[in-house]
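Hi,

Here is the structure I promised to pass on. Please look it over first; my notes follow below.

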Amino acid sequence: MHCALYTAGTCRSCQWLDKPYSRQLADKQQDLSQLLEGLPVSQWCEPVTGAESAFRNKAKMVVSGSVERPLLGMLHRDGTPVDLCECPLYPASFPAVFSVLKSFIARAGLTPYNVARKRGELKFLLLTESQQEGGMMLRFVLRSQTKLAQLRAALPWLQQQLPQLKVISANIQPVHMARLEGDEEIPLTAQQALEEEFNHVPLFIRPQSFFQTNPQVAAALYATAREWVTDLKIDSMWDLFCGVGGFGLHCATPEMKLTGIEISAEAIACARESAARLGLKNVEFQALDSTGFATGKGEVPDLVLVNPPRRGIGAELCDYLSRMAPQTILYSSCNAQTMAKDLTHLPDYHIERVQLFDMFPHTAHYEVMALLSRR
């Protein structure tokens, strides 16, 4: 992938861009092999890859510059801004949208936030695109509600220019720190969830719910989970840290009892909407802490699927799963280091299959999924 920003030295977010992609993939596979060294693996599956450019469905743009000439991109540590509107990781549809958004910032009088001076209102623009007919969700991250009336007044012009914007909201982040968003979300459109679809499974994205940023590889990840679970012929399943329900909804059958747990109420609302759309009756999604839920239950499902954040599931949940002793654990991880550490706390389980999913080309990051069977 060629990137003018990388060549010029103004953006080095893709740390491995100088490395041939085949080498990137080999290095990631080697890293995973070293992390799992000493843990017996029955089957190493071939890594799953996707497009090397234009694969991201989401842009997180720092807004800087002036209200008349805003810049959308990032800030270096010394405060120097870099405009990333032409970043080749974004789909071809994004640059034109960014151009209109720059005009809208000026039209609405949304003063970019100045970090050094702690002045201004507009901190970030968060843009997400669905593969479902190119619909988009746009979030304005503001320091306060001071400019909210101006934003609302100018919004009809923006919607006329960009009819693909299905969901628009304002997030209030008043704290002067490197925090992407605050707790308060103010909807600015009647529609509050962006529709998506992977492998004929309807999914929904709400403003404060997590969703994978590489749809092509994420769809392959969910499809693989469904294939592995189907082979097991299970009757009951927990989907812990379930997010919007992608894993559980792919694996569920009308007869299976599925329980999905996620701390984010926004994500749970998405999962419930998908289950209803699929007509699944034997499904329950709850907004709870996954560890607290699991350790407070006496029942033992056939399979426990975990998809934790980067910190992993932790020793407490590992110890409880060891005592609870489900026959199968399916572990999906965005941080192989913490996954490997967690697996050492599950000594009664053997790795049947493991597979790398390259969600993040040109960086050292990757996702991995492992199927664990009780010895």
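A residue counts as buried when its relative accessible area is under 20%, as exposed when over 50%, and as partly exposed in between (1.4 Å probe, protein chains only). By that rule F241 is buried, at 11% relative accessibility.

Some ground rules. This is a predicted model: local features need pLDDT of at least 70, side-chain atom pairs count only at pLDDT 80 or more, and totals for chains, interfaces and linings use all residues. Residues are numbered from 1 along each chain as its sequence is written, and side-chain values use heavy atoms, with hydrogens and water left out.

Now the annotated site. An unreviewed UniProt entry marks Q212, F241, E262 and N307 as "binding site". Such annotations may be inferred rather than shown by experiment.

F241 sits in the loop between strand 11 (236-240) and helix 6 (246-251). Helices (H or I, at least four residues) and strands (E, at least two) are DSSP runs, numbered from the N terminus. Beyond four places in sequence, F241 contacts (heavy atoms within 4.5 Å) residues including E262 and N307.

Q212 is in the loop between strand 10 (201-205) and helix 5 (215-232). Q212 is buried too, with a relative accessible area of 6%. Setting aside residues up to four places away, Q212 touches N57, A218, L221, Y222, M359 and E367.

Last, helix 4 (residues 148-161). Its buried residues are L148, L151, A154, L155 and L158. They pack against helix 3 (94-108), strand 6 (136-142), strand 7 (165-172) and strand 8 (184-187).

Best wishes
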